[in-house]
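Me: I am new to this structure and would like to learn how to read its sheet and its helix packing. Could you take me through them step by step?

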Amino acid sequence: MQEMIEIRWHGRGGQGVVTAARLLAEAAMEAGYFIQAFPDYGPERSGAPIRAYTRLSRSPISLHSPVKAPDLVIVLDETLLGDPSLLEGLKPDGWLIVNSALPPEFVRRRVGGYKGHLALLDATRIALEVLRRNLPNTPLLGALARLTGLFSLEDLTRHIRHHLAAKFGEDVVRANLEAVRRGFEEVRIDPGQASPGERPIEVPSGGMALPWFELPRGGLILDAGNAIAYRTGDWRTFRPVVEMEKCTHCLYCWLYCPDDAIRVAGGQFLGFDEAHCKGCGICAAVCPPKAIIMVEESRVVAAV
Amino acid sequence: MAATPLNLKVLSEKRTPLSGGHRLCAGCAEAIIVKQVLLAIDDPVVVINGTGCLEVSTTIFPYTAWRVPWIHVAFENTAAVAAGVEAAYRALIRRRAIPEDRRVVFVAFAGDGGTYDIGLQALSGALERGHKFLYVCLDNEGYMNTGIQRSSATPRGAWTTTTPVGAVMPGKPQWRKDLTGIIAAHRIPYVAQAAPSHWKDLMSKVRKAVAADGPAFLNVLADCNRGWRHDPALTLEVTRMAVETCYWPLFEVENGVWRLSYRPRRKLPITEYLKLQGRFAHLFQPEYQNLVAEIQAEVDRRWEELLRRCGEHV
């Protein structure tokens, strides 16, 4: 291994991004590495994009900034693939690891024609099957061990068991270890296509949106309700689907939707606002005739 | 002008006060409550919002989800700022800068941290001075915005990150504070407790509150699926169970008269409420049986006390 490995995790709040960054570091610590793991997020909520960082080193780490030039970029949620800063600073021989069931060419296209090393794992599927929740973090740890050779599956399993057992019951520990094992075995590797010396991708450098002197005085927001321009639809794991024949237009879904994502006109239910629906499932739960059901988002996307 | 009837077909024609694109958690009850509260009011509204999840997640620069005038204030002074805004409005009327018949309703939103704990002094002061505004406490029973720490609204036996479950303590050791009772003791014109699962009751209470001649206070149970540890889809079911078990009774105190708003046909055991939430999961282990019995006894005691205050048979 090189002197230091730097990892940047991209995911959404609630998917276990911070836990994954820490679990990896703790496992590495047991294996004798110096470690760091810390998250980086704004005032946002379950489902919002967040980042976390892990550093593993053979010598004490004096660097304390966010990871700018990662060896590995791990993406827990494929809806983040369009984020232009995703690959910022990724080393030319680094790896992009994505939680996705999509074919590699498709993922490469979604990240702006990325040509570097790519690894894919359908971690959400594994998590839903093994953990019964969309917690793709532990399967990805298995994939990471396989790719980097940092740990054998046995060592990683032992370290993770050690840390999870302190907090969780045997059932949860065992399910997570199964998720790690499947991640290790099911990861799909697609080596880089870049010719020697070619950069895998050109990453545009981000600038500040507005210089401070152009901000409205007092930080006022003068355009009431402009949050409508912000899409929260990609936070979904499940999406509502309606059987219109059963709908009685009682509008309980409209009343109880926290995201104003039920379209109604003239007292009639019309459908869902997919740009903002976060997939909480309240509409399905409160629907008296059970006209709304929740369907896994990836299946709907795959069917289109 | 007659008030908009509390009918969903008619209400759905109104402009919703909070747009999509805010960044509250999926399934958050706060957005549902804000919608019900503000849709009940037909007059122009100014919202005063104390620090907390609602403020942080609805106004991430350069976006705001609010379609009404809105001001953010610190945890401890939501009621003080609401009082100031209301006083400024009255001053402008006296100065004839705005017409006397221009009705404006002032609604303050803050969480239990900002109300039961940090903002209680400012709230008590504003209520005593008699400012005409509605204060809505979004009671999610903890400091959820900072990562699920206990507040004085957290119920006994609940897990939070600062009342972990283990050999030392069984979740939060103390009983929750009876804030609605404390506010009622201020003898303001209108005090009520409500839940979004009972939307008509909640919206009717908002109307009484804004029609009252003076301060009004509404304590609303605001389910937090992250902190209470349950599937976000269950938000309304958990809330309904809080009411059906008489853990969160619906009542109002109008000019000193206590009135029960809803009496469950059959009062369900508290376990029906507790079992839906991960924060109480430990209570179902044998060693905590006594604590469950204590919680049930306390719910019963508070419920019977309320029945007596409301002149209901016990």
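The dialogue below goes from the sheet to a pair of helices.

Reply: This is a predicted model, in which local features need pLDDT of at least 70 and side-chain atom pairs count only at pLDDT 80 or more, while totals for chains, interfaces and linings use all residues. Residues are numbered from 1 along each chain as its sequence is written, and chains are lettered from A and ligands numbered from 1 in the order in which they are written.

Me: In what order do the seven strands of the open sheet come?

Reply: Strands are DSSP runs (E, at least two residues; helices are H or I, at least four), numbered from the N terminus, and two strands pair if DSSP finds at least two bridges between them. In chain A the order is E2-E3-E1-E4-E5-E6-E7, with mixed pairing. Strands E2 (34-40) and E7 (188-190) of chain A are at the edges with a single partner strand each, so one side of each has no neighbour in the sheet.

Me: In which sense do E2(A) and E3(A) pair?

Reply: E2(A) and E3(A) (residues 49-57) pair in the antiparallel sense over seven bridges, and A:Ala37 stands opposite A:Thr54 in E3(A).

Me: At what angle do helices H5(A) and H6(A) pack?

Reply: Axes are lines fitted to C-alpha atoms, for helices over the stretch in contact, and angles run from 0 to 180 degrees between N-to-C directions. Helix H5 (residues 153-165) and helix H6 (residues 170-186) of chain A pack at about 155 degrees, their axes 10 Å apart.
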